[in-house]
Amino acid sequence: MGKVTGFLEIDRQQPKYQPASDRIRHFNEFTLPMADEEVSRQATRCMDCGVPFCHGDTGCPVHNQIPDWNNLIYSKDWEEAIKNLHSTNNFPEFTGRICPAPCEEACTLNLEDAPVAIKTIEQAIADKAHSLGLIKPEPAGHATGKRVAIVGSGPAGLAAAQQLTRVGHEVHVFERESRAGGLLRYGIPDFKMEKHHIDRRIEQMEGEGVTFHYGVNIGEVRSAKDLANEFDALLLTTGSETPRDPAISGRDLKGVYDAMPYLVQQNRRVGDEDIQSVAWAEEEIHASGKHVVVVGGGDTASDCVGTAFRQGAVSVTQMDIRPEPPEKEDKFAYWPFWATKMRTSSSQAEGADREFMAATLEFMGEDGELIGVKCARVDENREPIAGTEFMLQAELAFIAIGFAGPQKEGLMEELSPETLTDRRGNFSIKANTWDYKTSVDKVYAAGDARKGQSLVVWAIREGRQAAHAIDKDLMGTTVLPR
């Protein structure tokens with residue numbers, strides 16, 4: 001490493017946030033960028049640890065060469081750093097903002113609760129590269145004559161499209177919505193990632209030769225089978241959008257919604273798009289002046305919390321059926337794997353009340369509208385405990401308990417889901433992590449549509465690996481990395 005004693009001399013630093021009282025007044029990103037000099041100092045903390053768990057499967061699904069680009073940033077070689085980072089990750093400005101950073105959990109310095117600020121450095125490299133004009137289209141020098149269709153423009157689809165077009169294939173991406181990005185654009189709030197980051201990448205990819213078709217819902221306005229016949233390969237990266245059914249009484253009351261229509265609507269507002277869409281909710285959902293309850297303890301639930309505060313909610317309570325985790329994990333039991341411990345998101349820190357070991361029993365209504373949520377404490381088996389019931393006032397409730405596979409209507413119905421999907425409804429039959437093929441000839445699947453609901457970084461990995469498999473099938477060999 002550039003300075004082998006850096007981890008002994010320099011303390012871990014992280015970017016600062018705008019105060020909660022300020023940031024809840026807007027939907028822009030609120031992280032205050034770290035100065036270049038401090039980024040370099042933080043990179044200096046990367047130690048010569050022998051086995052860098054940070055970039056193995058335990059730490060980074062795309063296998064970012066973290067020690068390498070930390071050393072380059074120590075030397076202030078931003079150009080080589082972004083080249084290195086791009087060799088494993090097509091979109092580091094995405095993951096640098098929204099990845100939960102399992103790499104930092106796997107960092108050797110995390111044994112002392114002071115891991116290298118890997119996520120911050122990754123974002124800084126990508127942002128610096130954009131500011132220096134280092135990220136430009138990289139079109140292929142030749143054409144293979146092969147044509148590939150990709151359904152869905154989330155991170156898996158985008159990663160696959162960029163990889164395939166760079167080796168000379170003609171790539172067409174079909175997107176149901178009016179803009180590219182999938183849930184990167186429509187599910188993740190702008191305060192976590194502003195959408196101009198996506199727009200810059202789409203411009204780069206168009207410069208490389210990728211053709212985007214918007215407003216095309218495959219399986220509805222165009223046949224998936226026709227696509228499979230027209231193209232040499234068809235890759236399905238449609239995501240996992242079907243919400244899990246909570247089986248809670250009162251689910252049909254006005255004021256009770258799945259989380260995603262709410263988040264999509266607000267992202268459309270911020271993006272100056274029509275908030276009404278047949279793919280999502282048909283009525284306006286807004287938290288202004290309301291008491292809000294969010295059912296679920298994951299990232300989507302947290303995004304609902306932050307969005308509700310910015311819309312002017314009176315209060316937000318987050319219900320989590322799991323036990324309250326410990327403040328500090330047992331390093332010997334968990335490291336270098338992701339540990340269960342108390343984590344407070346920036347949205348939760350803006351004033352949410354968090355209820356652990358609490359089940360949502362019923363949505364209570366009056367004249368068809370939500371007025372409250374009936375809850376109860378649960379035992380270690382997550383069964384409600386008699387006599388512990390309590391009520392929460394609520395005029396708005398969101399269900400954010402995860403997803404149950406791709407949408408069944410349209411594309412999946414057309415491609416015979418009984419032969420394509422597993423018991424969870426994902427495109428998993430024969431679509432393994434080596435060849436990504438489904439049981440339908442020339443049809444591949446990757447990302448959440450194949451794997452199930454997961455992280456953006458996993459979607460990028462699957463898109464890259466699917467591109468490797470498709471290129472190898474089409475050409476007999478491939479130079480694309482897995």
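Me: Asp 113 first: what does it count as, given its relative accessibility?
Reply: Asp 113 counts as partly exposed, because its relative accessibility is 39%. Keep in mind that this is a predicted model.

Me: And where is Asp 113 found?
Reply: In the loop between helix H7 (102-106) and helix H8 (118-131).

Me: Which peptide bond is cis?
Reply: The one from Trp 335 to Pro 336, with omega near 5°. Pro 336 lies in the loop between helix H15 (331-334) and strand S10 (353-356). For context, most peptide bonds are trans.

Me: Back to H3 and H4. At what angle do they cross?
Reply: Roughly 135°, with the axes of helix H3 (residues 36-44) and helix H4 (residues 66-74) coming within 8 Å. H3 and H4 are therefore oblique to each other. The crossing of H3 past H4 is left-handed.

Me: Which residues make that contact?
Reply: On H3 they are Val 39, Ser 40, Ala 43 and Thr 44, and on H4 they are Asn 70, Ile 73 and Tyr 74. By class, the contact of H3 with H4 has four nonpolar, three polar and no charged residues.

Me: Which residues of H3 are buried?
Reply: Val 39, Ser 40, Gln 42, Ala 43 and Thr 44. The cover over the buried residues of H3 includes helix H1 (6-9), H4, H5 and H8.

Me: How do H4 and H5 pack?
Reply: H4 and helix H5 (residues 78-86) pack at about 165°, and their axes are 8 Å apart. That makes H4 roughly antiparallel to H5. The crossing of H4 and H5 is left-handed.

Me: What makes the contact there?
Reply: H4 puts in Asp 68, Trp 69, Leu 72 and Ile 73, while H5 brings Trp 78, Glu 80, Ala 81, Asn 84 and Leu 85. The contact of H4 with H5 has six nonpolar, one polar and two charged residues. Ile 73 of H4 is on the list for H3 and on the list for H5.

Me: Changing topic: is Ala 160 buried or exposed?
Reply: Buried, because its relative accessibility is 0%. Ala 160 is found in helix H9 (residues 155-166).

Me: What does Ala 160 touch, leaving aside neighbours within four places in sequence?
Reply: Ile 150, Leu 235, Gly 463 and Ala 467. As for Ser 75, 85 residues apart from Ala 160 along the chain, the two C-alpha atoms are separated by 32 Å.

Me: Gly 463 and Ala 467, which helix are those in?
Reply: H19, where Gly 463 and Ala 467 are part of the contact with H9. The axes of H9 and helix H19 (residues 456-475) come within 7 Å and cross at roughly 35°, and the crossing is right-handed.

Me: Which residues of H9 and H19 make the contact?
Reply: H9 uses Pro 155, Ala 156, Ala 159, Ala 160, Gln 163 and Leu 164. H19 uses Val 456, Ala 459, Ile 460, Gly 463, Arg 464, Ala 467, Ile 470 and Asp 471. The classes come out as ten nonpolar, two polar and two charged.

Me: Last one, H14. How many of its residues are buried?
Reply: Twelve of its 13, so H14 is mostly covered, with under 20% relative accessible area as the cut-off for buried. Among them are Asp 303, Cys 304, Phe 309 and Arg 310.

Me: What do the buried residues of H14 pack against?
Reply: Helix H2 (20-23), helix H13 (259-270), strand S8 (291-295), strand S9 (315-320) and strand S14 (396-399).

Me: And what should the span of H14 be?
Reply: At 1.5 Å a residue, helix H14 (residues 299-311) should span 18 Å, and its end C-alpha atoms are 18 Å apart, which agrees. Just after H14, Gly 312 takes a positive phi of about 100°.

Notes:
Residues numbered from 1 in each chain as written. Predicted model: local features only at pLDDT ≥ 70, side-chain atom pairs only at ≥ 80, totals over all residues. Heavy atoms only, no water. Axes fitted to C-alpha atoms, helices over the stretch in contact; angles between N-to-C directions. Helix = DSSP H or I, 4+ residues; strand = E, 2+ residues; numbered from the N terminus. Parallel < 35°, antiparallel > 145°, perpendicular 65-115°, else oblique. Left-handed = near helix turned anticlockwise from the far one by under 90°. Contact = heavy atoms within 4.5 Å. Nonpolar A, V, L, I, M, F, W, Y, C, P; charged D, E, K, R; others polar. Expected span 1.5 Å × (residues − 1). Buried < 20%, exposed > 50% of the residue type's maximum accessible area, 1.4 Å probe, protein only.
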